[in-house]
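Thank you all for coming.

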Amino acid sequence: MTNDTAGAGNAPAINETAGYLTKGSLCAFLGGKDKPLGKSTINDWIKKAGFPKPIRLSQTLILWRLSEVVTWVEERAAANSKEGAE
């Protein structure tokens, strides 16, 4: 069994092999290790921007599918590209 860690300090693990992210690792994935995205931003995006809904496995374990997050980001990038071309 391998230990998936992000490498630096107390950074949350990103389980890339399973394709799921915790909220902490999601914030690091989207914002970077040095300046992770705020957790409240994720909550706002879920409510207002159509961000993928989390999967609640227990009261304390909530995950996001990496594939859904990447698709959401790519859709935003495509929309930005179209706006810039007009």
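What you see is a predicted model, in which local features need pLDDT of at least 70 and side-chain atom pairs count only at pLDDT 80 or more, while totals for chains, interfaces and linings use all residues. Residues are numbered from 1 along each chain as its sequence is written, and side-chain values use heavy atoms, with hydrogens and water left out.

The chain has three helices and three strands, and, read from the N terminus, these elements follow the order β-α-α-β-β-α. When I say buried, I mean under 20% relative accessible area, with exposed being over 50% and partly exposed lying in between (1.4 Å probe, protein chains only). Of the 86 residues in the chain, 20% count as buried.

One of the residues I would like to look at is proline 52, which sits in the loop between α2 (39–48) and β2 (55–56). Is proline 52 buried or exposed? With a relative accessible area of 10%, proline 52 is buried. Which residues does proline 52 touch, if we do not count those up to four places away in sequence? Taking a contact to mean heavy atoms within 4.5 Å, proline 52 touches Ile46, Trp64, Glu68, Val69 and Trp72. As for distances, the C-alpha atoms of proline 52 and leucine 66 are separated by 9.7 Å, and these two residues are 14 residues apart along the chain.

In general, side chains of opposite charge can pair when their charged atoms come close. I count a salt bridge where a side-chain nitrogen of Lys or Arg is within 4 Å of a carboxyl oxygen of Asp or Glu, and by this rule there are two salt bridges.

In one of them, arginine 65 pairs with glutamate 68, with the closest N and O atoms 3.1 Å apart. Arginine 65 is partly exposed at a relative accessible area of 34%, and glutamate 68 is partly exposed as well, at 30%.

The other salt bridge joins the side chains of glutamate 75 and arginine 76, at 3.7 Å from N to O. Here glutamate 75 is partly exposed with a relative accessible area of 47%, and arginine 76 is partly exposed with 31%.

Key:
Helices (H or I, at least four residues) and strands (E, at least two) are DSSP runs, numbered from the N terminus.
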